[in-house]
Amino acid sequence: MEALRNALDFSDFPRTDLYVVAVAALFLLVFPLFPHSSFAMATMIQFLMFSIYGMGWNTIGGYGGQVDLGKAQYVGIGAYTTAVMLVRWDIPFWISMPIGMAVAVCWSFVLGYPLFRLRGHYFAIATIATSLVLKDLFEVWDFVGAARGLEISPIHYDPPDFLRLIFKEDIYYYYIILGFFFLGILFVNGFRKSRLGYQLRAIKDNEDVAASLGINVHWAKIKTYAIATAFVSLVGSFHACYIKNIEPEDTMSLHISILIALMAMLGGAGSLWGPIIGAAVLIPLKSYLKEWLGAHAGLIGIDLVMYGTIIMLVSAVEPRGIWGLMERIRGRRRG
Amino acid sequence: MALLKVERLVKDFDGLRANDHISFQVETGELVGIIGPNGAGKTTLFNCISGHYPVTSGRIIFDGKDITGLKAFEVARMGLARTFQVYAASGDLTVLENIMVGCFLRTRSPRSARIRAKEIARLLYLEEVSDSLVSELPVALQKRVSLGTALGTEPKLLLLDEVAAGLNPAEIDEMMTLIQRIHHNFDITVLLIEHVMKLVMNISQRVIVLDSGRKIAEGDPRSIAHDPNVIRAYLGERYARFLPKGESSGP
Amino acid sequence: MDIILSSLMAAMLIGMVLSLVALGLNIIFGVMDIVNFAHGEFLMIGMYTGLLTAQATGMDPLLTLPVAGCVGFLLGLLCYGAFVRFLLRGPMLAQLLGTFGLMVFLRNLALLLFGSEDRAIHHGLLVGKSFELGFGVIVPATKLAAALLSVFAFGSVWLLMNRTRTGKGLLATALNAQGARYMGIPTERMNALAWGIGVGSVTVAGALLVNFWSVNPYVGLLFTMIAFTIVALGGFGSVPGAFFAGLIVGLITEIPGFWDFLTFTLNLDWMSRVPMTSFKYTWVYLAYFVIMVVRPRGLFGWKL
């Protein structure tokens with residue numbers, strides 16, 4: 001109960017911030033009701049998806065300070081569980097998604113135990129390694145369609161299908177992911193004020209001191225990693241129903257892992273709003289860049305060149321991301 | 001029964017013997033100081049006791065249980081807390097949040113942790129800075145915060161590692177009062193490492209002296225101050241000849 | 001029999017080139033504790049440099065090595081001076097982020113400039129020729145030359161590090177930057193030099209590699225991972241370790257070859273159905289993971 005009250009309590013943010021948040025929330029709620037292009041809608045949905053990915057990553061990567069570059073494997077687990085269950089056994093989203101989460105979380109415990117014996121760079125590289133291995137495995141596993149992937153054909157589902165999450169119009173997808181988005185925010189808000197949240201921040205500060213305060217550092221990291229995994233796998237499941245066509249190369253590649261970590265780091269790892277800000281900047285940038293420039297065959301890759309430049313600038317100037325910059329300007333610090 | 005018993009503790013680092021068969025005891029309720037020249041192995045000793053370093057040989061018995069080889073967090077959970085000498089706080093925790101982390105050992109509820117932490121902050125005169133970031137505070141206050149954090153874990157035994165380092169005389173006096181208050185009011189046994197003689201000699205009931213990894217003397221502060229072995233350890237052999245005749249022993 | 005010997009030979013040869021690839025990473029890490037995610041991208045740049053120089057000037061590809069080396073050296077200095085040295089001031093997250101960004105930047109810059117198709121070297125003194133080493137083992141001349149030149153380059157760098165004054169300066173900075181500064185060693189310059197030599201070695205390796213491995217903008221990542229595995233196995237900071245570890249990792253990449261041999265000798269049907277070739281590099285990633293968990297210090301490492 002206390003956890004719930006904590007989750008709903010945003011009072012440690014300054015008034016102005018909360019006004020901005022309220023306005024933004026309102027905007028998000030009414031956006032689809034105004035005339036918009038399908039491209040804009042798709043971008044918004046992407047924004048919401050990546051915000052949630054980023055928020056999840058942020059728990060272990062931001063608050064915990066363990067830079068995880070292998071989250072894509074859990075996107076895959078979530079996506080594939082839902083897709084396989086739907087295609088083979090016609091199991092609705094609301095059952096396959098929790099199952100996918102459970103599988104992903106179990107796997108994260110299995111990996112987490114050895115992974116968290118490592119720190120810093122070594123940890124980061126190990127996460128890349130594990131994600132690549134899993135992706136390679138999926139690419140040859142026929143049960144999940146190997147490299148061709150799986151396709152969910154919506155031909156049979158014309159009226160909006162809330163059970164299986166198959167819709168013809170994007171607006172339904174939008175509101176569902178928006179719901180998850182708000183839930184995600186509440187969860188992270190509660191998390192950062194919970195016992196685990198505090199312990200994690202102490203760990204990030206100085207692991208030896210944290211241990212001397214009775215914190216089982218290894219276990220705390222593993223638990224948080226599992227939470228991050230749950231977030232990521234949830235959106236992965238959604239992704240399967242939304243895109244309806246998944247293959248290892250676009251759900252489980254390093255590229256996805258990079259993007260997820262990037263959203264959070266750019267916006268401000270270790271803060272509640274950071275990942276959302278990061279997604280709000282990067283997703284539209286990415287989409288519109290691709291639209292305008294990428295279409296010219298000679299300029300493929302320029303969007304990522306800009307990404308790379310942005311990352312380099314951020315890391316050299318303000319590693320705490322946009323949120324960190326804002327806090328520096330305001331002369332205060334809040335997480 | 002002794003709260004802490006260290007039996008023939010040996011700690012080697014790849015050929016360097018940092019702790020050489022050290023044995024001593026601390027009774028419940030005592031306030032014991034450990035002194036010795038730099039490099040004597042004092043912090044290493046603490047690290048072994050608190051579980052941060054694995055022990056080469058010997059035993060550590062705390063509260064009747066053998067804690068040799070236990071991990072740091074397990075030792076802390078049993079009621080043995082410590083502060084650190086060098087603590088580079090880079091993070092974004094405020095004073096209150098820091099202390100709360102300590103309190104979270106004994107409670108799961110953030111609200112109780114906060115209440116308890118506020119209490120500790122008040123007792124250590126940290127109320128005014130409770131919402132400041134630890135990394136932005138002056139050294140003296142930082143030391144008090146680490147004291148508060150350790151207190152949050154409700155320890156039976158508190159290991160203090162050079163809490164007076166870097167403090168000016170007024171701050172040292174303050175620290176002395178605080179330690180004594182903690183020792184008395186909270187009923188916590190205290191074992192402290194110190195270089196600042198004023199502090200350790202004034203508040204310790206008993207003093208242990210280490211030099212080059214070995215225990216060379218143990219006793220009440222006054223006799224320690226006159227012990228020729230101790231003087232020799234600090235000032236070197238050359239000054240031993242300034243001791244009154246008949247007091248220097250050995251070659 | 002000849003399958004296994006060929007595989008072994010191939011493993012050894014590629015291992016030697018891989019050692020050189022890993023050497024640069026080790027130097028940079030040893031001297032300033034920064035882990036360079038963009039390492040493989042520098043290799044890729046070396047490969048393109050070798051390829052394009054050979055094509056543009058009609059030179060034999062093997063003669064492009066000095067060019068690649070110089071390009072790499074200058075590039076390393078540039079990266080350090082214009083970017084990396086700002087990262088050193090920040091927290092580790094910044095360094096990770098930073099070299100990461102560099103990786104994304106270089107990879108896609110290459111994509112932009114060169115397009116995504118594979119390119120390979122088609123003519124040169126040794127292309128298409130091979131040596132017969134007995135026991136039915138045939139070795140492509142390019143691979144053999146590349147391996148030998150790698151060993152030569154490796155040896156030169158090792159000599160540089162251990163026998164010259166500059167090299168000792170680098171080692172001193174690696175062990176204790178602060179102390180080195182007190183000794184009058186210009187650590188800033190040492191850092192820049194480490195980057196110069198580090199990137200230079202890997203571009204040379206790239207110019208060697210491109211003789212028998214086609215290049216596209218994406219090869220970087222694979223080699224970054226391979227380099228990390230080698231360095232982890234050999235021990236972060238150990239130069240001889242990198243050499244032996246390179247050979248071992250070379251063996252790992254040849255696992256499909258060994259598997260074929262086993263399939264052949266044991267004649268078990270199920271074995272031939274396992275798509276081992278797709279897993280060629282998966283074993284490398286797995287190896288990294290296993291090594292770090294089982295023996296993080298590696299075989300000879302002194303820095304963790």
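Chain B is split by its domain assignment into domain 1 (1-79 + 155-251) and domain 2 (87-153); such bounds come from an automatic or database domain assignment. This is a predicted model, in which local features need pLDDT of at least 70 and side-chain atom pairs count only at pLDDT 80 or more, while totals for chains, interfaces and linings use all residues. Residues are numbered from 1 along each chain as its sequence is written, and chains are lettered from A and ligands numbered from 1 in the order in which they are written.

The C-alpha centres of the two domains of chain B lie 26 Å apart. Ten residues of domain 1 are in contact with nine residues of domain 2, where contact means that the C-beta atoms of two residues, placed from the backbone, lie within 7 Å. On the domain 1 side, α2 (72-77) and α6 (169-185) of chain B each supply at least two residues. Helices here are DSSP runs of H or I with at least four residues, strands are runs of E with at least two, and both are numbered from the N terminus. α6(B) gives the most to this side of domain 1, with three residues. By class, the domain 1 side has seven nonpolar, one polar and two charged residues. For these classes, Ala, Val, Leu, Ile, Met, Phe, Trp, Tyr, Cys and Pro count as nonpolar, Asp, Glu, Lys and Arg as charged, and the others, Gly among them, as polar.

Let us stay with chain B and look at some of its strands. Strand β3 (residues 31-35) runs parallel to strand β9 (residues 206-211), and four bridges join them; two strands pair if DSSP finds at least two bridges between them. Within this pair, Ile35(B) stands opposite Val209(B). β9(B) is also joined by five bridges to strand β10 (residues 214-219), this time antiparallel. Here Asp211(B) faces Arg214(B) in β10(B). The hairpin of β9(B) and β10(B) has two residues between the strands, and Ser212(B) takes a positive phi near 50° there.

Another strand of chain B, β8 (residues 189-193), holds Ile193(B). Is Ile193(B) buried or exposed? Ile193(B) is buried, because 25 other C-beta atoms lie within 10 Å. The cut-offs are 20 or more other C-beta atoms within 10 Å of a residue's own for buried, 12 or fewer for exposed, and partly exposed in between, with C-beta atoms placed from the backbone. Leaving aside residues up to four places away in sequence, Ile193(B) touches Ile34(B), Lys42(B), Thr43(B), Phe46(B), Leu160(B), Asp161(B) and Glu162(B).

Now we can turn to chain A, which has 15 helices and two strands. Its C-alpha atoms fill a box of roughly 60 × 50 × 45 Å along the principal axes. The radius of gyration of chain A is 20 Å, which agrees with the value near 20 Å for a compact globule of 335 residues; this radius is taken over C-alpha atoms, and the globule rule is 2.2 Å times the number of residues to the power 0.38. Of those 335 residues, 52% count as buried. Among the contacts in chain A with a separation of 6 or more, 76% are between residues 24 or more positions apart.

One helix of chain A deserves a visit: α6 (residues 120-140). Its 21 residues reach 31 Å from the first C-alpha to the last, close to the 30 Å expected at 1.5 Å a residue, where the expected span is 1.5 Å times one less than the number of residues. α6(A) is mostly covered, with 17 of its 21 residues buried.

How many residues of chain A are in contact with chain C? There are 35, and they meet 35 residues of chain C. α6(A) brings the largest share of the chain A side, 14 residues. That side has 25 nonpolar, seven polar and three charged residues.

The contact between chains A and B takes 24 residues from chain A and 28 from chain B. On the chain A side, the largest share comes from α8(A), with seven residues. This side divides into seven nonpolar, nine polar and eight charged residues.

Chain C, finally, has 13 helices and two strands. Buried residues make up 53% of its 304 residues.
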